[in-house]
Amino acid sequence: MQKRGIFENPNPSIMKYRIPLLLFCLALSIITAAQSVDKKKPAMSKKDSLMLAKFAAKGTYPAIKASKFSGVMPVDGITDKPDINLKYKLVIGLASGTNDPDKVKELNRGLAEAGRFINLHLAAGVSKENLEVVIVIHGKALYTLFNDAAFKKEFKTDNPNAAIIKEMEDVGVKFIACGQAMQFLEIKNEQLLPEVKIAMSARTAISTYQLKGYALYEIEVD
């Protein structure tokens with residue numbers, strides 16, 4: 001007896017199952033192919049790769065060196081310079097972060113950008129003594145402030161942000177955690193680094209420092 005193709009079976013009760021099955025298999029193959037392509041994506045975007053290449057060639061790192069993204073490019077012919085006699089007070093709001101088991105193993109790009117703010121002021125001529133920086137951490141960025149024991153327990157690895165946090169502390173940076181975000185994420189005080197201060201909320205901390213004359217920067221990274 002000649003075998004019939006999948007669409008040649010005259011039995012309608014079988015046909016009604018075969019067509020949905022074919023559609024399911026097709027959808028599954030498309031999803032599998034997409035996941036395969038996603039896994040092959042470069043760890044770093046082309047834009048980031050070009051930025052790092054420029055920093056590697058010309059960038060400087062006056063204080064924060066733990067991330068290559070914290071570099072400063074030299075600029076010729078500067079005609080508008082900071083007043084080195086002023087006290088530069090910055091409050092930085094940072095919420096960008098993750099608790100994804102894979103992504104959390106990488107240094108927080110938001111912290112790297114905060115480090116760049118520090119390096120930019122120092123490279124422009126502001127002294128460390130005249131630079132006061134407060135970083136208010138909220139959202140999932142709080143995981144970057146975990147102490148070694150808490151980070152290893154939660155993510156089975158060392159905290160990749162430890163080095164840049166240490167460099168920031170060495171130039172007097174103050175870290176403040178949002179108490180509201182801690183409640184929502186169920187993060188306990190003892191999980192954070194001992195030097196981290198805890199506020200009722202990020203917003204009240206930021207408004208307080210703004211009223212004290214601190215310039216506000218909100219960091220958003222991809």
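The model is a predicted one. The secondary structure of the protein comprises 7 helices and 5 strands. Read from the N terminus, these elements follow the order α-α-β-α-β-α-α-β-α-β-α-β. Of the 222 residues in the protein, 35% are buried. Among contacts between residues at least 6 apart in sequence, 68% link residues that are at least 24 apart.

In general, the strands of a sheet pair through backbone hydrogen bonds, in either a parallel or an antiparallel manner.

Strand 2 takes part in two of these pairings. Strand 1 (residues 88–94) is joined to strand 2 by 7 bridges, and the two run parallel. Within this pairing, Lys89 stands opposite Glu132 of strand 2. Towards strand 3, strand 2 (residues 131–137) is joined by 4 bridges to residues 174–178, again with the two strands running parallel. Here Val136 has Ile176 of strand 3 as its bridge partner. Strand 2 is also mostly covered, with 6 of its 7 residues buried.

Helix 7 shows how a helix is placed against these strands. In helix 7 (residues 202–211), the buried residues include Ala202, Ala205, Ile206 and Tyr209. These residues lie on the same side of helix 7, because they cover an arc of only 95° around the axis. The elements that cover the buried residues of helix 7 include strand 1, strand 2, strand 3, strand 4 and strand 5. Just after helix 7, Gly213 adopts a positive phi of about 95°.

The buried residues of helix 4 (residues 148–155) are Ala150, Phe151 and Phe155. They cover an arc of only 100° around the axis, which means that they are on the same side of helix 4. On the other side of helix 4, Asp148, Ala149 and Lys153 are exposed.

The next pair to consider is helix 3 and helix 5. Two packed helices are described by the angle between their axes and by the distance between those axes. The axes of helix 3 (residues 109–123) and helix 5 (residues 162–170) come within 11 Å and cross at roughly 30°. Angles under 35 degrees count as roughly parallel, and helix 3 and helix 5 are therefore roughly parallel to each other. Their crossing is left-handed. On helix 3, the contact is made by Leu111, Ala112, Ala114, Gly115 and Ile118, while helix 5 contributes Ile164, Ile165 and Met168.

The loop between helix 4 and helix 5 contains Asn161. This residue counts as buried because its relative accessibility is 1%, the cut-off for buried being under 20%. Beyond its neighbours within four places in sequence, Asn161 is in contact with Glu106, Leu107, Asn108, Leu111 and Thr144. One of these, Leu111, also belongs to the contact between helix 3 and helix 5. The C-alpha atom of Asn161 is separated by 9.7 Å from that of Val104, a residue 57 places away along the chain.

Two further residues are of interest for their backbone angles. Most residues other than glycine have a negative phi. Lys156 is located in the loop between helix 4 and helix 5. With a relative accessible area of 67%, Lys156 is exposed. Glu186 likewise has a positive phi of about 60°, although it is not a glycine. Glu186 is found in the loop between helix 6 (179–185) and strand 4. The relative accessible area of Glu186 is 65%, and this residue is therefore exposed.

Terms used:
Residues are numbered from 1 along each chain as its sequence is written. This is a predicted model: local features need pLDDT of at least 70, side-chain atom pairs count only at pLDDT 80 or more; totals for chains, interfaces and linings use all residues. Side-chain values use heavy atoms; hydrogens and water are left out. Buried means under 20% relative accessible area, exposed over 50%, partly exposed in between (1.4 Å probe, protein chains only). The arc is that of the directions from the helix axis to the C-beta atoms. Two strands pair if DSSP finds at least two bridges between them. Axes are lines fitted to C-alpha atoms, for helices over the stretch in contact, and angles run from 0 to 180 degrees between N-to-C directions. Angles under 35 degrees count as roughly parallel, over 145 as roughly antiparallel, 65 to 115 as roughly perpendicular and the rest as oblique. A crossing is left-handed if the near helix is turned anticlockwise from the far one by less than a right angle, and right-handed if clockwise. Contact means heavy atoms within 4.5 Å.
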